[in-house]
Amino acid sequence: MTEVDAAEVRRAMEYYYERGWTDGLPVVPVTESYLAEFVATTSRDPDEVIIPMPHLNRNLTVRLAALNAALAGCLPEYLPVVLAAWDAFLLDGMVTRSIWQSTTGTAPFVVVYGPVRQRIGLNSRGNVWGSGFRANATIGRAIRLGAINGLGLKPHVFDQATQGTPAKYSCCIAEDEEDSPWASLAADNGIGPDDSAVSATVIRSVLHIEARHTTAPEQLAADFADSLCRTGALVRPQATGYVVLNPEHARLLDKHCWSKDDFRTAMVERGWRTYRDLAAAGKEALAIGTGWRLPADHPDARPHEPPEDRDAPVQLISSLDAIQIVVAGAPNAGVSSIVETFSLPGRAPAMVKVEEK
Amino acid sequence: MERAGIPAVSLCTDAFRITAEAMAKQMGFPGYRYVVLPHPVASRTEEEITEMVRNALPDVIRVLGAGLTYQGSAEVAPS
């Protein structure tokens, strides 16, 4: 590249900053012809609305999703995955309920399944939450830039996140189906083996679970349930999350003939706190209207009789649907994670097939 | 509601002023009048909330009676 070209590239980058079209990091300059390469990967009408946001007078179209994928650094062939992710967000329902305007500050979370993972080089193994992989980094970023530029959710204005989360830059992983002893989450939800799919939802924290030396499935279930039920995360009555098991933990469970549902059941059985523990954090009652957790003596608290036994369990993980399990990460240590989701509880994951042209 | 002729007043705390004004502009009513309350709400006692509402009541009534105000009106500033 000559010196003159480099200066042009810098000028283009600065232009995008001046227009406020970035997430703080530089974006890839996009021309009409480059955008056309993206749009050519889908049979969908570029003007099709994929996320309607009537209360903001905004619509995210296929073209806007493609433009932001290009800005994010995606290759054109990633677009079908990005579009499936947006469809999954619509199905999940929280984005169109204005969750990204909320003070909670949730991030988009995308999981990819099926043969498209290998075709576009999505990482499902070591450092799965970390940086270093173009497809993961840019597909996650395409969603965030689509929210900022397409839906107009700029921080300090319509995005009112109190603190947000680092996952807002980008949060896209793939399931390691090859190293999992079980069928993938997509297969569990009706996706065929030759098809690719995306599940999407909104999340708060991603928590490390360090359980390196255990050989007992029950101990793993105790660790995961305890973390998902931490009082600091409780705002709603119940806790929900994705369990992202590294292959070593998944194989340990499988060795003891535990299925994914066995592990979910074990987490539900351990998914409670005592009334006393909740009261110590001022979260033993539920608010009239919102149902959010607050102290029993708060004026908005629904009247209730405290249990006679303050050490009686209050169920926080209410059903198997509150937990979704995927396998990802390197099989090199007993380190897994929990993703604190913020979608509506008690539902199957929002899963959408990738439509490749 | 105000477009339909029903008197209404929006209330928000000072922490949300930027968003409130962006929302008014987005909906085609730059300078829309609303009542600003001191932040926070969630962590105040019942007595503090009552006092806050009592203090805001004259503003609420004033904005409620003013009809739909927006850009072009002489009274465009949020109260």
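**Exercise 1: two helices**

Helix 2 of chain A and helix 3 of chain A are roughly perpendicular to each other, a term for angles of 65 to 115 degrees, whereas those under 35 count as roughly parallel, those over 145 as roughly antiparallel and the rest as oblique. The model is a predicted one, in which local features need pLDDT of at least 70, side-chain atom pairs count only at pLDDT 80 or more, and totals for chains, interfaces and linings use all residues. Residues are numbered from 1 along each chain as its sequence is written, with chains lettered from A and ligands numbered from 1 in the order in which they are written.

Task: determine at what angle helix 2 and helix 3 of chain A pack, and which residues meet.

Step 1. Helix 2 (residues 32-39) and helix 3 of chain A pack at about 115°, their axes being 9 Å apart.

Step 2. From helix 2 of chain A, A:Y34, A:L35, A:F38 and A:V39 meet A:R63, A:A66, A:L67, A:A69 and A:A70 of helix 3 of chain A; contact requires C-beta atoms, placed from the backbone, within 7 Å.

Step 3. The residues of this contact between helix 2 and helix 3 of chain A comprise eight nonpolar, no polar and one charged.

**Exercise 2: a second partner**

Task: describe how helix 3 of chain A packs with helix 6 of chain A.

Step 1. Helix 3 (residues 62-72) and helix 6 (residues 134-150) of chain A pack at an angle of about 125°, with axes 8 Å apart.

Step 2. That angle makes helix 3 of chain A oblique to helix 6 of chain A.

Step 3. The residues of the contact of helix 3 with helix 6 of chain A divide into seven nonpolar, five polar and one charged.

**Exercise 3: a loop residue**

Task: locate A:G334 and decide whether A:G334 counts as buried, exposed or partly exposed.

Step 1. A:G334 lies in the loop between strand 11 (323-327) and strand 12 (335-341) of chain A.

Step 2. Not counting residues up to four places away in sequence, A:G334 touches A:A211, A:R212, A:H213, A:T214, A:E248 and A:H249.

**Exercise 4: two chains**

Task: state how many residues of chain A are in contact with chain B.

Step 1. Seven residues of chain A are in contact with seven residues of chain B.

Step 2. The side of chain A that touches chain B has four nonpolar, three polar and no charged residues.

Definitions and conventions
Axes fitted to C-alpha atoms, helices over the stretch in contact; angles between N-to-C directions. Helix = DSSP H or I, 4+ residues; strand = E, 2+ residues; numbered from the N terminus. Nonpolar A, V, L, I, M, F, W, Y, C, P; charged D, E, K, R; others polar. Contact = placed C-beta atoms within 7 Å.
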